[in-house]
Number of protein chains: 4
Amino acid sequence: MAPLSPRVVVKVDLKKKPWQQDQPLHNRWHPEIPPVAEVKAGEFFRVEMIDAMGGVIKDNDSASDIKNLVLTTTHHLSGPIRVVDEEGVAAKAGDLLAVEICNLGPLPGDEWGFTGSFDRENGGGFLTDHFPCATKAIWYFEGIYAYSPQIPGVRFPGLTHPGVIGTAPSNELLRIWNDRERQLEESGVESLTLCEIEEGTPEWERIANEAARTIPGRENGGNCDIKNLSRGSKIYLPVFVEGANLSTGDMHFSQGDGEISFCGAIEMSGFLELKCEIIRNGMQEYLTPMGPTPLHVNPIFEIGPVEPRFSEWLVFEGISVDESGKQHYLDATVAYKRAVLNAIDYLFKFGYSKEQVYLLLSCCPCEGRLSGIVDSPNAVATLAIPTAIFDQDIRPKNRKVPVGPRVVRKPDVLKSTYDGKLPITKNPSSSS
Amino acid sequence: MAPLSPRVVVKVDLKKKPWQQDQPLHNRWHPEIPPVAEVKAGEFFRVEMIDAMGGVIKDNDSASDIKNLVLTTTHHLSGPIRVVDEEGVAAKAGDLLAVEICNLGPLPGDEWGFTGSFDRENGGGFLTDHFPCATKAIWYFEGIYAYSPQIPGVRFPGLTHPGVIGTAPSNELLRIWNDRERQLEESGVESLTLCEIEEGTPEWERIANEAARTIPGRENGGNCDIKNLSRGSKIYLPVFVEGANLSTGDMHFSQGDGEISFCGAIEMSGFLELKCEIIRNGMQEYLTPMGPTPLHVNPIFEIGPVEPRFSEWLVFEGISVDESGKQHYLDATVAYKRAVLNAIDYLFKFGYSKEQVYLLLSCCPCEGRLSGIVDSPNAVATLAIPTAIFDQDIRPKNRKVPVGPRVVRKPDVLKSTYDGKLPITKNPSSSS
Amino acid sequence: MAPLSPRVVVKVDLKKKPWQQDQPLHNRWHPEIPPVAEVKAGEFFRVEMIDAMGGVIKDNDSASDIKNLVLTTTHHLSGPIRVVDEEGVAAKAGDLLAVEICNLGPLPGDEWGFTGSFDRENGGGFLTDHFPCATKAIWYFEGIYAYSPQIPGVRFPGLTHPGVIGTAPSNELLRIWNDRERQLEESGVESLTLCEIEEGTPEWERIANEAARTIPGRENGGNCDIKNLSRGSKIYLPVFVEGANLSTGDMHFSQGDGEISFCGAIEMSGFLELKCEIIRNGMQEYLTPMGPTPLHVNPIFEIGPVEPRFSEWLVFEGISVDESGKQHYLDATVAYKRAVLNAIDYLFKFGYSKEQVYLLLSCCPCEGRLSGIVDSPNAVATLAIPTAIFDQDIRPKNRKVPVGPRVVRKPDVLKSTYDGKLPITKNPSSSS
Amino acid sequence: MAPLSPRVVVKVDLKKKPWQQDQPLHNRWHPEIPPVAEVKAGEFFRVEMIDAMGGVIKDNDSASDIKNLVLTTTHHLSGPIRVVDEEGVAAKAGDLLAVEICNLGPLPGDEWGFTGSFDRENGGGFLTDHFPCATKAIWYFEGIYAYSPQIPGVRFPGLTHPGVIGTAPSNELLRIWNDRERQLEESGVESLTLCEIEEGTPEWERIANEAARTIPGRENGGNCDIKNLSRGSKIYLPVFVEGANLSTGDMHFSQGDGEISFCGAIEMSGFLELKCEIIRNGMQEYLTPMGPTPLHVNPIFEIGPVEPRFSEWLVFEGISVDESGKQHYLDATVAYKRAVLNAIDYLFKFGYSKEQVYLLLSCCPCEGRLSGIVDSPNAVATLAIPTAIFDQDIRPKNRKVPVGPRVVRKPDVLKSTYDGKLPITKNPSSSS
C-alpha cells in the first residue's frame, strides 16, 4: 500500500509575509543557499508557493499596487530542495535532474490571479513605449477556466505552469552570470539583475551580494517562462551543485508566449506535485556546452499530454520593420513586437481597449512563433490566438455594417485601474 | 451540376526553363507586372508552380548546384492573378483578399524535393558561422511522408505550404520598401534585395529595375515562410492595386519554423487549389497601419484543420547569450540561434552528423517559439521537435551504456554532398 | 471582488459510512427525495462524493471485497441539489439544466482508486463468460497519472468524470421506467434494477420502494458512464421536477468506453466543481421525445477542451460473429465484445495476463466505436487503444525473436487478488 | 535516385463500365480470383478504383438511380494484388500483411461524390423504418472540403478512406463464411450476401458461385467501413492464401461512424498510394483465433497522423429503449439508433429536414461510441458531431426567440431527389 497523497515538502502560509514563512523563501540563485527540504528520486512530493509578487498585489480595481511594486524582491521561490537517489546518494554536478510535473494548480482557497503591466519607470514591458502606465486585471478561476471583470467577453482554460524552475548554480557559473550581466550594465543597458540587499547576518549579506537575481532565465532554467511546462511535462535540468538544489515559484495560471506585459501571466500562488529522477552524468551524456566552459548549457523539456485543445487560430504577422517604418536586419524581437501590435490593433476593432488586449495577449494561451529568420532583411514572427476564448466571432468577414458599432462592450472598465494621470486609448466603437 | 475540378489558371511545364514558360513567371514585386490570369470571387481554381530555384537543383548527391546557385533570380512566382467579384468588378486598393487554400501538393510525377544550406559566401543562413559550406539533402515523397537518403532514420508527414504568397504593391508601397531597404544596405548590411536585371525591352528593364526582390516577407505577405499555411488555411491579404494581383510560389513540402538553413524547407514544384473572397474596404475595417502611412500593414491568417498531429515533443531552449558567452539584451534572434544549436548538439549524440540535423531542423515540422521576451536581459526561445519523426527514442534516459555507441547510423552520407574543401564535424559514435 | 473558491454544497466524510453522512446520500431516483442543497444559476459550487461502492473496497491485494460486494446499494449519490435562477425561481419541468463541469478530481488525501470485475454470480460484466471470477486492481494517482501495482508496465493520464449525473424523474417518468424494466424482468432477464429496501420510516420505505435503482442510464442522464464528461464539458439535462433536483456520484478517475468489467472504471471518491444555467423551456426548444410520451428524451453533451492528447492508437476490430463462430445480424454488442477479446488476446502476447488486460481496457482511455452498422450481416466495432500508455512498443513488427520471451513482466501479480478457487489464464512468456 | 512517383498497378477508366475495365474488377471474395498485379514489399504503388456503385449514380437531383440500384453487383474492387517480399518470395498463409496508406483521394477530374439512402425494399439502412425512401445528395469537393447543394449550410474536411480493403480468403475460410451466413439466411434474416451470377465461362461461374459477397466486413478485413483508415494509417491484414491477394475499393471521401444510411459515405472513385510489408508468421505471432479454427481472426489498425482536427463536439446519447418505449437488454445497436434519432430531431430544429440530417450524419466525420455496455439493462451509445461543420452555432442556448424561425434554410431542396411517391417530414421553421 502506497501513501495516497504527495508528501508536502514546502508549505506556505498565505497570511504571512514572504519573509515570515516557516521555510525561508529566496529570490536569488547562489550555491550556498541552504536546502529547506530533501526528496528521494522517485518520490511523489508537493511544493507550495506564494505568488511572485509576495502577496502585495490585491484583488481590487486599482493598479496603484502594480505601479509602486518593488521589483527587486520579486519571485520569492520555494526551495532549494536537495535531491538524492534511491540509495540516498545526492545528485552531483554533471548529472541531469529530470523533474516531472505530475500536477499543479492554485492553492485551495486562493483561486484568483492578476495580470499587470508595469509602469515605464518601473520595469516596463515589451510594449512599454505604447503602454507606459501601470494597469491591472484580476482573474477569477472557475476550475480550469479564468475570467476577468476588467476584460469582459473572454474566458479560457489555463495552461498552468511555474514561471521559474531551476537548479542552483555553482560558484563558477554564478561568476559567469555576474560577469556577463555586469558587462551589459556597464554598456548602459539596465537589466534588472541588480540585487538589493536587506539586512541580515554578515554571512547572509555576503551570499545575497554574490547571488544572481532570478529575473532572467539562464543555464540553470530559472525564469524561463515557458508556458507549456504544465501537467505531465518533464524538465531535464543540469545539476551544478551537490544535491541539485531545485527551486521553483512564480506560478502562472496561464501565460501567452513572451509574457509580453512582463507582469504578464496570470500570477498566483500555487502548488506543484513533482517526481524527480537523477540521470547520472546526464550533462555529459546529453548536453553540449555552447560557450567557453562546460557550464554553458540549457535545460531540455518534454511537453505534457493535457494541454487545452484549440482547433481554430487567428494568426497575426510581424516583420522586422519598426513602428517608425525603419528596416531592421533579421531582428525577431522587432518582428514579434509588430505582430503583437497588429493583434492589439485588430482586437481593438472588436470593442476591447488596447490596454485590455495588451494584458489579454500577455496571459491567454496564444503562441508566438519565429516563422522566418533567414529571408533577409525581414524576420517574420507570428502570433496565433485561439478564437474560442472570445464570446464573439473575431474572424474577418464581409459585413453590412462595420465591426465597431455592432459591439457592445465596456472598454473603459480597465480605466479604473489607472491612476488617472495619463490618457488611455479611446475606442471609437464605444462612443455611440 | 458544378464543374468537378478546379480551373487551372496557371500551368507550368517542368521540362522548360523558368523563362520559357507559356505564362511568364516573375521574381519581383511591382504594380505593373501584368496579370497572367483572372479569377472570380468564389471560383475554385488551380495554380501550378515550379520550384523556387527554377529547376536548377538536381536529384543527386552533389551539393555543387547549391553552392553555385545564383540567388538573384530565385522564386519564379506564378501570377499575378487578377481577382474580380461575382459581378466582375475588380478588387481595389483598400479591400482585403481572403485566399483559402483548399488543397496543395507536389506536381504529379515530380514528387521529390531538396533541402540545402547555402555557402557562407553565397547567401549563408541562420547558422552560417557554424555551417559555412553548401550541403544538400534530397527528399522523396511517399504520399504524406518524406524521407531522405542523406538523412536516414527520419520520416515525417509534410505540413505543405507555399513559402511565398502575396499581392502586388502599389507604387507608393514599393517606394517605401526600396527606401528602407536601401538605407539598410547603405549602412553596410547586405540584404539580398538587390535586383539583377536581365536583358529585355526597355519597359521590362524599367519595371525590373524599380521592382522589389521577393526574398523578404513584407506588407503584402510575400516570402513569409509561415509553415502552417497549409490545407484549409485562410490568408487575408491587403489589396494595394486594382485586381489585387495575387502571386504565389516557393512551394514547401515541409518546413520548420524559421527555415533556418535558408534553402531550408523541402523545396519542390507544386500546385495550389484556391478560392478567393473579396472583403470590400477590409483594410480599413480590419487592419491598422503601423507606421507613417496607411500602407504599413500585415496579412492575417487562419490555420487549417488538417495539420499533422503529434502528441510528444522534445523542447530545446536558448537564451540571449551567444556562443562566445556574451550577454545580449532581450534578443530573440540570439536566443533562437542558441536553442537551435542546442538541438543540433543534442541530436548529434544520437548518431546524426551536425550537418544532417541542421538540414533536418530546417525542414521538419518543428516549432520555434518566443517563450520569454521580457525577463531582462535574457530572451528565451524554444524549439520543439516532434519525437515521432525519428526511428529511435530520442528522449533522455538513464542508460547503462552511453548513447553514442548504441547507434548504428551512416552520418557520413551527407559528406558526399560537400565539395570536399572544408572539414565537417566528425561524429564520435561513428568511429567504432 | 468575487468569492475565490466554489461554495461547498455537499460535503462528505470519508471516515463515515454512507448512511452516516451529514447530508443523506441516495442510490435511487425518485421525485420526492428531498434536496440537500440549493444553488443559483451562475453560481460556482462544489459537490463531494464518496466512491460508488461506499468505501467497502479496500486498498489491498485481495479481491474478496469485490467478490462479496452487495450491489443493491451501490452508487451513493450526492444530492439532490435544487437549482433556481438568478431571481430565485426554481427550474421547472420542461426546462433544460445546463451543467458545466469546471473542475473535478479525487478528494485530497484519498488519491487512489480501484478497478474490479464482478463474480459471474454477483453482477458479472461484459466478458463474464471469459472472466467469471472477481478480480481487483488498485490504482495510485500521481497528479494526472494513474499506475497500478497489479498491472505493471502501464501509466496513463486520467480522463476523470462522474459516472452518474442526472436530474430527478417525475412520477410519470418513474412509472414508465418501472413498467418497462419490470417487463424485461418478467421476460426472464435479470437487470439489477430491483431495489432492496433497508428499514426506515414508512414514508422512506414507500419512496424507496417506488424509486428506480441508479444502475442504468436513462432519460434523466444517470449512470451513463460517458468517459468524456470531464473538465470543461457541459451537460444539458432535461428537467422533470421543480428545482431539477440534480444528483451526481460514481466518480471515475478514468474509464474506457463501455466500462467493460462493470466495476470497470477507476472508482474513487471525488469532487465536482460546477456551474448551472437554466434554459427555460429548453426541452421543447431542443429535445424531441422518442416514444409514446414527451418524457422519452435524452441529455445532450459538449466535450471539454482538456482531454488527454494521444496521437498514436492501435485499433482492434470485431464483427458480429461470436466466439462459437455463430453469425449474428448487425449486432453491435457482439461485435464490440469480439473487438475487446481480440485486444485482450493481443496484449496477452506482450506479457500481461488476460485478467490484467480486461481490467486495463475497462479503465484506460480507450475508445469503442460503432464503425459499421449497416453492412449486413456484420456489424463492425472497433476498440482504439492509445499506445503511449504502455512502457513498451506494442505495435506489430517484424521480429527476429517472438514477442513473448522478450518481455519481462509479472503477469501473476493479479493472481493474489483471486480467491484461489478458479484457475487463471497462464501467460506462456512468463514460464521461462 | 528513386522513382519519383508511385507505380500504378491498377488503372481504371471512368468512361468504361465496370466489366469493361482492362484489369477485371471483382465484387466477391474467393481464393481463385487471379491477381491482376504484383508488388514487392517496400514498393510504393498506386491503385485506382471506380466508385462502389460502378458509375451508375449520376451527378443530378434525382434519387431514382439510388432507388433502382442493383445491390448484387456493388463494390467493384480493384485487385487482387499479389505481394512478394524483397527476394520475390510471396506472402504465405499465416503471415501478416502490413499495408500503409501513404496517400489517397478522388481521381483527378472526378472530384465529386454522393450519399444516398436506399429504399426500404432495396437494401434499406440503419433507420429505414424512419426513412423508407431513396434519397440522394451530391457532394462537390474543394480540395479537402466537401459541400452539397442538397444539404446547404454545412462544409467539412474529408477523412478519406477505402470502405473495403482485404485479403483473399482461403477455401476453408470461405466455407466458414458461407456456412454461417447461410444459417442466418435460413433462419429468415436477409443478409445481402447472396451472389447473383452473370454469365461467363463455366470456371468463372463456379468461382462466382462459391465466392462470398463483399457486403459485410469479415476476418479478412473487407467492407469494414472504418472511417479512420485514412492518410498515414496502417492496416495489418491476415494472409490466408499465397501472395495475400489484396483487394480494395469503395472509396469514401468521408463517412460517419456506422455509415448509417448504408449508401451513406460520400461515395466516389479514387486512388490509394500504398506500401506493403510482410510480417512473416505474423498471424501466429500477433493474432489469436476467436472461434473453432485458427482462421477466426480480425485485422489490426494504426490510425494516421493527419485526421481533421475538431476541438468542439456536440454529443447525443441513446439508451437501449426503442422508439415504442420498449426496454431492450444491453443492446448497443438499439442505443446507437436512438442516439442517431436524437441527433436528427435536434438538428431538424435548426432548419434542416430530417432526411438531410440522416444523410449528413451518414457521411460527416461524426463519431459513434459505445459509452456504456454493462449498466443493466441499458446500453448507452453516443454520437459526437463536430460543431465546426455547420455555418451556424448549433449549441443549446437561452434565446429570446425560438430556434426555428431564426433559421433561413431551404430544407425542401432534398425533395427533388425523391420520386414523389412518399411524403417527407415537413420542417416547421420553413413554413413562415
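Two strands pair if DSSP finds at least two bridges between them. Helices (H or I, at least four residues) and strands (E, at least two) are DSSP runs, numbered from the N terminus. This is a predicted model, in which local features need pLDDT of at least 70 and side-chain atom pairs count only at pLDDT 80 or more, while totals for chains, interfaces and linings use all residues. Residues are numbered from 1 along each chain as its sequence is written, and chains are lettered from A, with ligands numbered from 1, in the order in which they are written.

**Stop 1: chain A**

Select chain A and colour by secondary structure. Seven helices and 22 strands are found in chain A. Of the 432 residues in chain A, 62% are buried; a residue is buried if 20 or more other C-beta atoms lie within 10 Å of its own, exposed if 12 or fewer, and partly exposed in between, with C-beta atoms placed from the backbone. Two residues are in contact if their C-beta atoms, placed from the backbone, lie within 7 Å. Among contacts in chain A between residues at least 6 apart in sequence, 78% join residues at least 24 apart.

**Stop 2: chain A against chain B**

Now show strand 19 (residues 300–302) of chain A with strand 20 (residues 313–319) of chain B. These strands pair in the antiparallel sense over three bridges. A:Phe301 has B:Val315 in strand 20 of chain B as its bridge partner.

Next, select helix 5 of chain A and helix 5 (residues 332–348) of chain B. Their axes come within 6 Å and cross at roughly 115°. Axes are lines fitted to C-alpha atoms, for helices over the stretch in contact, and angles run from 0 to 180 degrees between N-to-C directions. The angle makes helix 5 of chain A roughly perpendicular to helix 5 of chain B; angles under 35 degrees count as roughly parallel, over 145 as roughly antiparallel, 65 to 115 as roughly perpendicular and the rest as oblique. Show A:Ala332, A:Thr333 and A:Tyr336, which make the contact with B:Ala332, B:Thr333 and B:Tyr336.

**Stop 3: chain A against chain C**

**Stop 4: chain C against chain D**

Select helix 5 (residues 332–348) of chain C and helix 5 of chain D. They pack at an angle of about 115°, with their axes 6 Å apart, which makes helix 5 of chain C roughly perpendicular to helix 5 of chain D. C:Ala332, C:Thr333 and C:Tyr336 meet D:Ala332, D:Thr333 and D:Tyr336. The contact residues divide into four nonpolar, two polar and no charged.

**Stop 5: inside chain D**

From helix 5 of chain D, D:Val340, D:Ala343, D:Ile344, D:Leu347 and D:Phe348 meet D:Lys354, D:Val357, D:Tyr358 and D:Leu361 in helix 6 of chain D. The contact holds eight nonpolar residues, no polar and one charged.

Move to strand 5 (residues 78–84) of chain D, where six of the seven residues are buried. Strand 3 (residues 37–40) of chain D runs parallel to strand 5 of chain D, joined by four bridges, and D:Val39 has D:Val83 as its bridge partner. Strand 16 (residues 246–252) of chain D pairs with strand 5 of chain D in the antiparallel sense over two bridges; D:Ile81 stands opposite D:Leu246.

Finish at D:Trp19, in the loop between strand 1 (7–10) and strand 2 (28–29) of chain D. Is D:Trp19 buried or exposed? D:Trp19 counts as exposed because it has 12 C-beta neighbours inside 10 Å.

Technical notes. Ala, Val, Leu, Ile, Met, Phe, Trp, Tyr, Cys and Pro count as nonpolar, Asp, Glu, Lys and Arg as charged, and the others, Gly among them, as polar.
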